[in-house]
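Me: I'd like to learn how to read a ligand site in a model. Could you walk me through one?

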Amino acid sequence: MKIIGICGSPREKSNTEFFVQLTLDELKKKGFDTEFITLRNKKVQECSGCYYCANNNECKIKDDFDDIFREMLQADGIILGSPVYHSSITPKLKALLDRAGFLGRWVANDMKEKKQAYDWKGTAFSGKVVSPITVARRAGQNFTFAQLLLWATVNDCIVVGSNYWNVGVAGKGGNVDAHEDTEGIGIMKHLAENMAHVIKQLNK
Ligand SMILES: Cc1cc2nc3c(=O)[nH]c(=O)nc-3n(C[C@H](O)[C@H](O)[C@H](O)COP(=O)(O)O)c2cc1C
């Protein structure tokens, strides 16, 4: 069973990376295959809205998206990590999720005729366990967290939480100091326990 953690921060060794990696490390201790994927050095252009994927089951834009999408499809669990940027996820993570969500819908549904009803069979992400992690200096967690929840819940995923929202506080003056957020560390460790429990139950 594999769990991937996608980090939407453009910064090296970022606060979000710290929390996503910590959660993956906990899951590794519990016997899961894990993989950390940073978008920092990846080229992921925004969705062009061309609807090519609706008829061709692939994205027309050729960049690093295809490899990340493949990793997402192979995973049992996906952690979506983002810093809070003006109360939102980062643009590159939004670009990835727009393209993955839309392509993932057409991969699982064949509705080329205009007269066909929106009778969705699911998505490429159906049944996957997804958890958001957001990190802010001070405010805007709720909206950012909700953006990731909304992506997961429209894509037929199973969302797992913790004993608090899966949020970290860090970056005073832009510092990379997530390791000082002891409450956040506890929240992510418990998140790993919950993800492990749910994925094991689903795969029994
Ligand atoms: C463009 C930009 C916008 C930001 N907007 C917010 C914000 O709305 N609320 C907040 O609390 N922090 C905000 N921050 C601070 C970051 O969320 C904080 O530094 C976070 O730790 C960065 O995560 P990272 O180290 O994983 O990149 C912003 C930082 C940047 C660079």
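This is a predicted model: local features need pLDDT of at least 70, side-chain atom pairs count only at pLDDT 80 or more; totals for chains, interfaces and linings use all residues.

**Reading the ligand site**

Me: Which residues come nearest to the ligand?

Reply: Of the 17 residues around the ligand, the nearest are Ser9, Arg11, Thr16, Arg138 and Ala139.

Me: Which helix and which strand each supply at least two residues of the shell?

Reply: Look at helix 1 (15-29) and strand 4 (129-136); each of them supplies at least two.

Me: How do I read the polar contacts?

Reply: Look for pairs of N or O atoms within 3.5 Å. Here, a polar side-chain atom of serine 14 is 2.8 Å from a ligand oxygen atom. Backbone atoms take part too: a polar one of valine 84 lies 2.9 Å from an oxygen atom of the ligand, and a polar one of histidine 86 lies 2.9 Å from a nitrogen atom of the ligand.

Me: How much of the ligand's area does the protein bury?

Reply: Taken alone, the ligand exposes 640 Å², and the protein buries 77% of that. The space the ligand takes is the largest pocket.

How values were computed: Residues are numbered from 1 along each chain as its sequence is written. Side-chain values use heavy atoms; hydrogens and water are left out. A residue is near a molecule or strand if one of its heavy atoms lies within 4 Å of it. A polar contact is a pair of N or O atoms within 3.5 Å; within protein, one must be able to donate a hydrogen and the other to accept it, and residues adjacent in sequence count only if both atoms are side-chain atoms. Accessible areas come from the Shrake-Rupley method with a 1.4 Å probe; for residues, only the protein chains shown count as cover. On a 1 Å grid over the protein atoms alone, a cavity is a set of points where a 1.4 Å probe fits but cannot get out, and a pocket is an open set with protein on both sides within 12 Å along at least five of seven lines; lining residues have an atom within 4 Å of a point. A molecule sits in a cavity or pocket if more than half of its atoms lie within 2 Å of its grid points. Helices (H or I, at least four residues) and strands (E, at least two) are DSSP runs, numbered from the N terminus.
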